[in-house]
Amino acid sequence: ASAIFIFGGSGDLNQRKLTPALYNLFIDEWMPDDFEIFGIGRSSYSDEKFREHLLEGIKEFSRRKDEQNGKWQKFSEHVSYLQMDAEDENAYKKISDCIKVLKDKWGNHPNIIFYLAVAPQLVPDIAKRLGNMHLCTDKEHTRIVIEKPFGHDLQSAQELNKLLKSMFDEDQIY
């Protein structure tokens with residue numbers, strides 16, 4: 001079982017690259033039976049409108065754009081949207097609530113991936129807030145993916161690396 005939380009979920013990177021890649025994995029049957037993908041962003045989307053937004057990206061950018069055959073419908077049932085401001089510490093409770101619901105639903109702890117498809121200056125604050133909510137403590141089941149650029153210069157990259165290593169083991173950071 002896997003839960004993928006994409007910060008910057010309503011953004012261009014998710015629409016053009018991430019969701020098409022996850023959709024291809026689904027078509028090729030590389031996704032687990034139990035999975036959920038949560039797009040996180042400040043934009044106002046219902047789950048349905050968010051799925052429509054992502055489908056536009058599939059139709060334009062996926063190498064499998066012509067292979068839907070009802071598979072998009074099945075895939076999209078695993079896609080939700082969490083409207084939240086990543087700078088609001090209290091909003092992170094939405095994520096922990098989602099994880100708890102999935103644990104109860106699936107009867108085990110899912111593998112959790114936090115994918116930060118956001119501007120480099122937002123990464124440290126998001127990482128700190130995830131850490132403050134203790135959402136990163138299960139080192140066996142939790143991963144964080146930082147989209148490049150990693151910092152904006154050598155010093156900020158080193159500071160970010162130090163911060164991430166204070167909350168994650170090295171093999172959790174991608």
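This briefing covers charges, backbone features and selected contacts in one structure. The model is predicted. A search of the whole structure finds seven salt bridges. A patch of negative charge also sits on the surface. Two backbone features are described as well: a cis peptide bond between Lys148 and Pro149, and a positive phi at Glu29.

- Glu89 and Arg129 form a salt bridge through their side chains, with an N to O distance of 3.8 Å.
- Glu89 lies in the loop between β3 (79–83) and α4 (93–106), while Arg129 lies in helix α5, so the pair ties together parts that are 40 residues apart in sequence.
- Glu89 is partly exposed, because its relative accessibility is 32%, a value between the 20% and 50% limits.
- Arg129 has a relative accessible area of 15% and is therefore buried, as the limit for buried is under 20%.

- Asp97 pairs with Lys93 in a salt bridge, and their closest N and O atoms are 2.9 Å apart.
- Both Asp97 and Lys93 belong to helix α4, where they stand four residues apart, about one turn of the helix.
- Asp97 is partly exposed at a relative accessible area of 35%.
- Lys93 is partly exposed too, at 46%.
- Another salt bridge joins Lys100 and Asp104, with the closest N and O atoms 3.1 Å apart.
- Lys100 and Asp104 are four residues apart in helix α4, so about one helical turn separates them.
- Asp104 counts as exposed because its relative accessibility is 54%, and exposed means over 50%.

**Negative patch on the surface**

- Four residues gather in this patch of negative charge: Asp85, Glu87, Asp88 and Asp125.
- Asp125 belongs to helix α5, which spans residues 123–132.
- Asp125 has 31% relative accessibility, so this residue counts as partly exposed.

**Backbone features**

- Most residues other than glycine have a negative phi, and most peptide bonds are trans.
- The peptide bond joining Lys148 and Pro149 is cis, with omega at about 5°.
- Pro149 sits in the loop between β5 (142–146) and α6.
- Glu29 is not a glycine, yet its phi is positive, at about 60°.
- Glu29 is placed in the loop between α1 (12–27) and β2 (35–41).
- Glu29 is exposed, with a relative accessible area of 69%.

**Buried residues and their contacts**

- Gln172 is in the segment after α6 (154–167).
- The relative accessible area of Gln172 is 0%, so Gln172 is buried.
- The side chain of Gln172 reaches the backbone nitrogen of Asp169, at a distance of 2.7 Å.
- Ala157 lies in helix α6.
- Ala157 counts as buried because its relative accessibility is 17%.
- Ala157 and Pro120 are 37 residues apart along the chain, and their C-alpha atoms are separated by 9.5 Å.

Terms used
Residues are numbered from 1 along each chain as its sequence is written. This is a predicted model: local features need pLDDT of at least 70, side-chain atom pairs count only at pLDDT 80 or more; totals for chains, interfaces and linings use all residues. Side-chain values use heavy atoms; hydrogens and water are left out. Patches are made of residues with over 30% relative accessible area and no salt bridge: like charges are joined within 9 Å, nonpolar side chains (Val, Leu, Ile, Met, Phe, Trp, Tyr) within 5 Å. Accessible areas come from the Shrake-Rupley method with a 1.4 Å probe; for residues, only the protein chains shown count as cover. Lys and Arg count as positive and Asp and Glu as negative; His and the chain ends are not counted. The place of a charge is taken as NZ of Lys, CZ of Arg, CG of Asp or CD of Glu. Helices (H or I, at least four residues) and strands (E, at least two) are DSSP runs, numbered from the N terminus. Buried means under 20% relative accessible area, exposed over 50%, partly exposed in between (1.4 Å probe, protein chains only). A polar contact is a pair of N or O atoms within 3.5 Å; within protein, one must be able to donate a hydrogen and the other to accept it, and residues adjacent in sequence count only if both atoms are side-chain atoms.
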